[in-house]
Amino acid sequence: SKTLRIKNLHVCVEGKPILNGVNLTINRGETHALMGPNGSGKSTLGNAVMGHPSYEVTDGTIELVDADGTVTNVLEMDASERARAGLFMAFQRPMAIPGVKLADFMRHATSNVRNPDRKEGEGLIPMREFRKELKDKMGHLRMDLDFARRYVNDGFSGGEMKRAEILQMAMLKPKFAILDETDSGLDVDAVKLASESIAEISADAAADGAMGVLIITHHDKLLERNTPDFTHVILGGRIVETGGVELAKELHNDGYDRIRAAYPEAA
Ligand code: ADP
Ligand code: MG
Ligand code: MG
């Protein structure tokens, strides 16, 4: 597919409306920045796109559109089908999976995406091939191979979790990636490495073309190597402004006071 198209998206969490009509279209090859005050619904948007069961879509559509115009209804797919269709999110607070080693978790997830019709117990990427690729990607991210033997996110530092999320993205080569505050908890050098890795991965992600990327961030470092084609500001569960890279710079420098004053009904 070529486009991720979100129209008039309304989402409730525990019966409470959080998103109130989000419109967002991301084409492969584009980088979008999503900014907004805490609690404005940024992570909710990502979770709803990924099919997290706690996020109830009460109105609107999420669709994948092919180059020939064929439309796939994402809302009919469960979370694992969405991942297989090429949707990916690096989580703000990744979940620990004690007892499951990172390498095993990633071998299954990567096999699911590369062989979308595979059944449990078959169609796994051969071990030798997988390990070679994993080792290569980990070297690139300056991660020790030992790290892959640890349980997923179990006792990982903030920075290790974020690196593991980027490693997953590098292996999965998604069509569309949502990076939810992937720069938080990273030191300056790690943010620089993350920024470079995201740019590299997005340029040659899937065999059939570049990624569409949605970067959720409060900072401008990740955007240095990933210049947004569009910057969106979300307030009160609605995208209230869209601009270019200058809007990201303004918000990073000046904060959200102007936005809150301009859209009092959303704030
Ligand atoms: P942001 O990522 O912009 O900081 P979130 O999307 O995380 O904002 O949260 C928006 C609102 O939705 C907040 O009021 C938050 O408490 C609520 N919310 C989000 N996810 C959940 C959840 N799983 N359970 C309960 N409330 C949630
Ligand atoms: Mg937040
Ligand atoms: Mg968030």
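**View 1. Helix α4 passes helix α5 in a right-handed crossing.** A crossing is right-handed if the near helix is turned clockwise from the far one by less than a right angle, and left-handed if anticlockwise. This is a predicted model: local features need pLDDT of at least 70, side-chain atom pairs count only at pLDDT 80 or more, and totals for chains, interfaces and linings use all residues. Helices (H or I, at least four residues) are DSSP runs, numbered from the N terminus.

**View 2. The contact of α4 with α5.** From α4 come E133, L134, K137 and M138. α5 supplies L167, A170 and M171. Residues are in contact if their C-beta atoms, placed from the backbone, lie within 7 Å. By class, 5 are nonpolar, none polar and 2 charged. Ala, Val, Leu, Ile, Met, Phe, Trp, Tyr, Cys and Pro count as nonpolar, Asp, Glu, Lys and Arg as charged, and the others, Gly among them, as polar.

**View 3. Packing geometry of α4 (residues 127-140) and α5 (residues 158-172).** The angle is about 130°, and the axes lie 10 Å apart. Axes are lines fitted to C-alpha atoms over the stretch in contact, and angles run from 0 to 180 degrees between N-to-C directions.

**View 4. The shell around ligand 1.** Residues are numbered from 1 along each chain as its sequence is written, and chains are lettered from A and ligands numbered from 1 in the order written. Surrounding residues include V13, E14, I18, K42 and S54 (C-beta, placed from the backbone, within 6 Å). Helix α1 (residues 42-50) gives the most, with 3 residues. The shell has 2 nonpolar, 8 polar and 2 charged residues.

Technical notes: Helix = DSSP H or I, 4+ residues; strand = E, 2+ residues; numbered from the N terminus. Contact = placed C-beta atoms within 7 Å.
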